[in-house]
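Reader: Hi! I'd like a close look at just one part of this protein, please.

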Amino acid sequence: MLKRFNTVKQLLLSGLMTILVGPVSAGTAPDQWQMNMYKGVTPVSQDIYWLHMVAIWVCAAIGVVVFGIMIYSLIYHRKSKGYKPASFHDNTRLEIIWSIIPFIILIGLAVPATHILARMEDSSEADITIKIVGHQWKWQYQYLDQGISYFSNLSTPYAQMNNQQEKNAWYLLEVDKPLVLPIHKKIRFLVTSNDVIHSWWVPELGIKRDAIPGFMHETWARIEQAGTYRGQCAELCGVNHAFMPIVVEAVSDKAFKQWVAAQSNPEPEEPQIMTHDALITLGKQKYDMLCSACHQADGTGIPPLYPALKGSSVAVGHPISRHVDLVLNGVPGTAMQAYREQLTNEEIAAITTYERNAWGNNTNEDIQPNDVAQARKELDRPAIRVKQAHAGGLQ
């Protein structure tokens with residue numbers, strides 16, 4: 001009983017501290033006891049917060065008046081005190097009053113709400129335009145003015161998801177490549193989807209926009225404070241819906257220009273030969289992150305929708321170019337998407353190598369990044385040269 005009392009006491013104190021101090025910034029630590037919506041770091045999010053609080057206080061005032069009258073009547077006009085109820089049919093004056101007052105309240109809330117909605121839809125005269133494309137289960141960011149495009153994937157280690165490692169502070173809310181944005185600039189977002197319905201939601205930016213295939217929805221933000229802001233997909237989009245986080249890095253204009261320059265002028269890639277162990281390590285990491293939701297961690301799949309890779313003709317058969325082609329270009333009309341634009345040559349080489357050597361497949365074959373690079377270029381996709389991992393011969 002004492003333990004339960006202490007738990008309730010802790011909850012009440014945590015809620016009180018949240019109300020008095022406010023929610024913890026997303027750039028510092030997660031707020032486990034948040035009791036209110038974020039005030040946010042954009043003009044629109046702050047307007048939404050203000051309107052929300054006004055509506056809350058109006059509702060609270062109405063509640064105090066209504067329940068106050070009810071409680072007073074129940075206590076001082078109860079039958080046990082000998083009070084006899086009045087008998088009347090209607091009261092025109094009272095009915096007019098309680099019709100006019102709610103009307104005035106609704107108009108008072110509707111005017112600022114309409115103004116805020118109009119501001120939310122005004123994405124004109126933007127400094128930067130970014131196209132956001134939802135995929136199962138990742139986000140693609142395209143900087144239309146800067147010519148930059150990349151995918152943002154969940155970076156939480158698979159071992160943490162399986163409770164094999166201790167979870168960090170940002171469990172399931174961390175990505176390999178965040179969306180980098182400048183502060184004090186009007187940023188226009190074009191949101192769509194490549195497969196099913198997703199929803200791009202970052203509470204502190206005041207943005208929640210559905211990503212629907214075949215539709216382009218617009219929104220905008222002007223971030224006033226540098227920091228890291230996190231969100232998630234807010235539309236149930238499949239088995240890995242919970243593993244589709246959003247991370248926004250808001251930086252100064254100078255830092256943003258430096259980042260753009262670095263992305264626009266990448267260092268040229270040199271031919272790389274990866275060891276068998278390096279391919280397996282990277283391949284398992286990427287497979288767990290991108291492929292295990294459908295094909296399962298043990299390669300058994302979920303037939304018939306998601307075929308097994310363990311012992312399959314794709315993962316152990318020849319020509320190996322067929323295996324690489326399926327990863328590069330996907331299978332039209334199925335859930336197998338193309339990874340040509342999502343993964344590097346090293347990552348595709350590592351994934352195919354891992355799939356050909358895991359779960360008892362044991363083909364003892366390595367696919368090198370140069371083989372994948374060659375497959376990208378050649379439309380006829382000839383058989384990929386494969387290095388025997390330990391024998392040293394080429395096939």
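Which residue in strand 5 does Lys131 stand opposite?

Author: Happy to take you through that one. Quick background: this is a predicted model, where local features need pLDDT of at least 70 and side-chain atom pairs count only at pLDDT 80 or more, while totals for chains, interfaces and linings use all residues. Residues are numbered from 1 along each chain as its sequence is written, and side-chain values use heavy atoms, leaving out hydrogens and water.

Now, your residue: Lys131 stands opposite Leu190 in strand 5. The strands here are DSSP runs of E, at least two residues long, and the helices are runs of H or I with at least four, both numbered from the N terminus. Strand 5 covers residues 186-193, and it pairs with strand 1 in the parallel sense over seven bridges. (Two strands pair if DSSP finds at least two bridges between them.)

Strand 1 has another partner, too: strand 2 (residues 138-143), this time in the antiparallel sense over six bridges. Here His135 has Lys138 in strand 2 as its bridge partner. With two residues between them, strand 1 and strand 2 form a hairpin.

And the surroundings? Strand 1 spans residues 128-135, and seven of its eight residues are buried, so it is largely enclosed by the rest of the structure. Buried means under 20% relative accessible area, exposed means over 50%, and partly exposed is in between (1.4 Å probe, protein chains only).
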